[in-house]
Number of protein chains: 2
Amino acid sequence: MVNTLFLPELREMLADNNVAELQEFCEALHPARTADFMDGLEPAEIWRVLAHTSESNRVTVFEYLPLEMQQQIIETQDLDEMAGLVSQLTSDERVDILQDIDQTRLASLLQRLPVKIRREVLRLSQYPEGTAGSLMATEFVAVPEHLTIRQAIDEIARQADHYETIYYLFIVDDDDHLRGIVTARDLMRGMRQPDTPMSELMNTAVITVNVLDDQQDVVNKVAKLDVLAIPVIDQERRLVGIITHDDVIDLVRDEATDDALRSVAVEPLEDTYLRTPVLELSWKRGVWLAVLLCFALIPAFSLKHYETRLNEWAWLIAFIPLIISSGGNSGNQSATLVITALSQGHASGSDWLKIVLRELCMGLLLGVLLAVIGTAISILVIGGPESFAQAMIVPVTLVLVVMCGAVLGAALPLIFRSLGLDPALMSNPFVAGICDILGIVIYMNVAGLMIGL
Amino acid sequence: MVNTLFLPELREMLADNNVAELQEFCEALHPARTADFMDGLEPAEIWRVLAHTSESNRVTVFEYLPLEMQQQIIETQDLDEMAGLVSQLTSDERVDILQDIDQTRLASLLQRLPVKIRREVLRLSQYPEGTAGSLMATEFVAVPEHLTIRQAIDEIARQADHYETIYYLFIVDDDDHLRGIVTARDLMRGMRQPDTPMSELMNTAVITVNVLDDQQDVVNKVAKLDVLAIPVIDQERRLVGIITHDDVIDLVRDEATDDALRSVAVEPLEDTYLRTPVLELSWKRGVWLAVLLCFALIPAFSLKHYETRLNEWAWLIAFIPLIISSGGNSGNQSATLVITALSQGHASGSDWLKIVLRELCMGLLLGVLLAVIGTAISILVIGGPESFAQAMIVPVTLVLVVMCGAVLGAALPLIFRSLGLDPALMSNPFVAGICDILGIVIYMNVAGLMIGL
């Protein structure tokens, strides 16, 4: 949603070079609102607007712009100014923004960055996507354990600008090993004895993540501990970064959206729905629709196989959609229940037997429920069947199909997990597709048996 | 997942009344771990273990216990001790924990709470679930605007224990109207001029939420602004509470799980998957499966209506599952794309025409793609059709069904939204169910037209 309210006015201010009003626009609002109101301007226009405020406010507003716009500005505006901007960003945002920049541009930009920052960009961009390392920032306050409270406070007051969070102080030994943590709250409480060394104030029961841990583990830990930031350590237990609460919120939201899309077989989008071009979106949907179509051809061929039987008992046809949708719905319910339980750490692979048994029970209960309701309505609407055996075909099939759906829906994500694959790959249309095939085979065989009786 | 490693040892410590070891267990670990390791103990045992540590650590560990266990402890342990515990909790957790407590117990407990806390509980529990008011805590630092930096720091140092976050100071006028915000970072930076009044240090561009705003708005704002806490104001713009980052993370995760379950027609669970009784879970699934079954009977009846046509052209039957699943899949993709875009604020009801047109284009593209692939495979496997008209039945149906699915899938959540209902109610199985019915009607009519030619 582009908020176009301010655009004509902003363009007029730029045309008139109205310094006072542009400065007012940059500074009177919350920086997030300033960024919002520029949505719709060209990269060059945004950069010209931002020239009218202090460097620190410029960086703050820039950080609230959409990622794509940030990248366009970096790719098109004055190289030296961009190098200045990039070196002011926090380390994790810097890496995110630079990762899709044109290679030649990136090389010239890196050359203009201070050596320390350049090295950091190169180091941070080496962590595989989805690991704690790829998410962390390096702007944490590390305090040697022998410093006193007074010295620590002076240190923070001097450098508050440079840190991602000053609310946790990480206490390290001479080799950067994490020894403990002191919150700003502890520090304020300790201010009455300002000569106490930090090693006495610190809390040593710190929960950390490893630099190569999966981001899902990071989310689970931060969500559980309610912390502002979690320290990231390397294989030698040295403190190398922190991941802050705001990154975790973004991560949880992005994962939720990606999972929702994957669950209906759409490749996750890089941009918002309305901004993604129709062709790109069609491709992200079409690939999986095509795969699912090939899947759906299997029931077509298996129905062909039963053609003579269906010709003889034409009324069986009417119940095909009902039977396959019941199996698919029950399978999707189980799959989603198991996938969410696994991803939130509420169940693990070792619970598989318990899960399968529960689904077997539930499948039986649900199958019987559907069979009773389905039969009752059919008799009311279509009228009584010709024989008991005939009357039992649809109900018996329903019970079996719903049970198979429930067990399969739960088992497939577990199998994927045990193979080291993401259980969420077993998306709803696939579970439903497999249930369709099974449903038809079960239906035709039950019919064969019943009518053969 | 119960971690049973420590349970026998803990029970032995309790039996031996081993004070030193119990204290060690309560204090050496991170409080979240202490809580984890007690998973599996009875409420009375947990409370006995926690008797061996300081009151503040006891409260912290208690806050990391699962909600259900917290409630069991409060319902079963000594009433006076429980009143002491409850009065130490933060206001938002207190209300969450008390809301499902047995009414008689709750009344006796409330009687034993200090008047101020009792009134607060009653006031906070009046906000409807899902509003900002039901999420907020009241432990924020409100500082009158005329205080100096030095006075403000003294104030925080004295009361740091009582606040949910001391990292934001909310500057208010004499009538509690929110005037501005000062972060602990600003405060530390300002410490060199300790006599500056807070009104000069404060930032007045504050973004707030209203006490009756929907929690989704809270999530969207906090996620966008990357703030530690967002102030909550009432209708008169008085500051009444704050919502902190950790509550927002929990909210995002819970909503993601609930949405995932709703999308496959399962009522959201109150507890984890493995802890929810089979009967309760079956009920939460069965209700919707039964409704969907009634839905699925419509295609059954409509197929019965076409019985003579199907008898004549038996090969049409084979493609029923393929046609209904293609329509359903395409519809689910659109519905999920639109629902996620709406809930994240990336699209609004006013974009409806744009959305419908995009889906029409995509539906056409996807339909043609599926038609080409489907026809090619069918010819390869089954062999050439008898006539051109016959050959065109399935492809033409596919194009129409996929287009209808895409447009309907997008339109249904938009219609729900405009009626003031949650778009997420238009869950995947419902969209698929509607597409099933449409698919069969389109299929039979296309077949009638083509064969009639």
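Predicted model: local features only at pLDDT ≥ 70, side-chain atom pairs only at ≥ 80, totals over all residues.

Me: Fine. Which residues is Glu139(B) in contact with, leaving aside its neighbours within four places in sequence?
Reply: Glu139(B) touches Leu89(B), Thr90(B) and Ser91(B), then His162(B), Tyr163(B), Glu164(B) and Thr165(B), and also Ile242(B).

Me: Where is Glu139(B) in chain B, and is Glu139(B) buried or exposed?
Reply: Glu139(B) sits in the loop between α11 (132-135) and β1 (141-144) of chain B. Its relative accessible area is 13%, so Glu139(B) is buried; the cut-off for buried is under 20%.

Me: Changing topic. How many residues of chain B are in contact with chain A?
Reply: 127 residues of chain B, against 127 residues of chain A. The area buried between the two chains is about 11300 Å², and carbon and sulfur atoms give 69% of that area.

Me: How many salt bridges are there between chain B and chain A?
Reply: Four. One of them joins the side chains of Asp36(B) and Lys224(A), at 2.5 Å from N to O. Asp36(B) lies in helix α3 (residues 31-37) of chain B and Lys224(A) in helix α15 of chain A, so this pair joins two chains.

Me: Why would such side chains pair at all?
Reply: Side chains of opposite charge can pair when their charged atoms come close.

Me: How accessible are Asp36(B) and Lys224(A)?
Reply: Asp36(B) is partly exposed at 28% relative accessible area. Lys224(A) is partly exposed too, at 40%.

Me: What about Glu359(B) and Arg285(A)?
Reply: Their side chains form a salt bridge at 3.0 Å, N to O. The pair runs between chains, from helix α20 (residues 352-382) of chain B, which holds Glu359(B), to helix α17 (residues 278-305) of chain A, which holds Arg285(A). Glu359(B) and Arg285(A) are both buried.

Me: Back to α15(A). At what angle do the axes of α15(A) and α16(B) cross?
Reply: Roughly 125°, with the axes of α15 (residues 215-225) of chain A and α16 (residues 245-263) of chain B coming within 10 Å. The two helices are therefore oblique to each other.

Me: Which residues make that contact?
Reply: From α15(A), Gln216(A), Val219(A), Asn220(A), Val222(A) and Ala223(A); from α16(B), Ile249(B), Asp250(B) and Arg253(B). By class, four are nonpolar, two polar and two charged.

Me: Last topic. How many salt bridges are found over all chains?
Reply: 24 in the whole structure. Among them is the pair Glu120(A) and Arg94(A), at 3.2 Å from N to O. Glu120(A) is in helix α10 (residues 115-124) and Arg94(A) in helix α8 (residues 91-98) of chain A, so to speak distant parts of the chain, 26 residues apart.

Me: Are Glu120(A) and Arg94(A) buried or exposed?
Reply: Glu120(A) is buried at 15% relative accessible area. Arg94(A) is buried as well, at 3%.

Technical notes
Residues numbered from 1 in each chain as written. Chains lettered and ligands numbered in written order. Heavy atoms only, no water. Axes fitted to C-alpha atoms, helices over the stretch in contact; angles between N-to-C directions. Helix = DSSP H or I, 4+ residues; strand = E, 2+ residues; numbered from the N terminus. Parallel < 35°, antiparallel > 145°, perpendicular 65-115°, else oblique. Contact = heavy atoms within 4.5 Å. Nonpolar A, V, L, I, M, F, W, Y, C, P; charged D, E, K, R; others polar. Buried area = accessible area lost by both parts, 1.4 Å probe. Buried < 20%, exposed > 50% of the residue type's maximum accessible area, 1.4 Å probe, protein only.
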